[in-house]
Amino acid sequence: MIALASDHAGFELKESIKKFLVERNYDIIDFGTNSTASVDYPIFAKKAAKAVASGQCERGIVFCGTGIGVSIVCNKVRGIRCALCTNELTAEMAKRHNDANIIAFGAKVVEPEMVKKLILIWLEAQFEEGRHQRRIDLMEED
């Protein structure tokens, strides 16, 4: 299950990605928003992050204008490793080296076709463990 969330600036991209994922037989839960009307992104990003942290969803994808705000919100939820992705390398390494369980995109930064490509790279990449697991363990220490 993949959690999706956006603010008003990321709404149209989220809707496009939702259709893209469903067409590829991914199960999704959409935590909103549900229009382009102005909203506060923390409300929706936090819902998606909590769903991933609790195990309700395995992964999440969040959207806003730049991707910065939603990624910051998600990373405040314990157990979340959210990566802001802008190109193939960041999408691949988000999973391979950081085992990112959420990725974020800026609708004003990355074109929709590129976002689709980056999502597939992230979904198909495998966490390399080893020294990377040690670093994740260090991240999660209090």
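This is a predicted model: local features need pLDDT of at least 70, side-chain atom pairs count only at pLDDT 80 or more; totals for chains, interfaces and linings use all residues.
Residues are numbered from 1 along each chain as its sequence is written, and side-chain values use heavy atoms, with hydrogens and water left out.

**Helix 2 and helix 3**

- The axes of helix 2 (residues 41–54) and helix 3 (residues 68–75), being lines fitted to C-alpha atoms over the stretch in contact, come within 8 Å and cross at roughly 45°; helices here are DSSP runs of H or I with at least four residues, and strands are runs of E with at least two.
- The crossing of helix 2 and helix 3 is right-handed.
- In contact terms (heavy atoms within 4.5 Å), Y41, P42, A45, K46 and A49 of helix 2 meet G69, V70, V73 and C74 of helix 3.
- The residues of this contact divide into seven nonpolar, one polar and one charged, with Gly counted as polar and Lys as charged.

**Nonpolar cores**

- A nonpolar core is a set of buried Ala, Val, Leu, Ile, Met, Phe, Trp, Tyr and Cys residues joined through side-chain atoms within 4.5 Å, where buried means under 20% relative accessible area with a 1.4 Å probe, protein chains only.
- The largest such core has 21 residues, and L21, I61, F63, I103, F105, V115 and I119 have the most contacts inside it.
- The largest share of this core, five residues, comes from helix 5.
- Apart from it lies another core, of 20 residues, among them A48, C64, V77 and C82.

Terms used:
Axes are lines fitted to C-alpha atoms, for helices over the stretch in contact, and angles run from 0 to 180 degrees between N-to-C directions. A crossing is left-handed if the near helix is turned anticlockwise from the far one by less than a right angle, and right-handed if clockwise. Buried means under 20% relative accessible area, exposed over 50%, partly exposed in between (1.4 Å probe, protein chains only).
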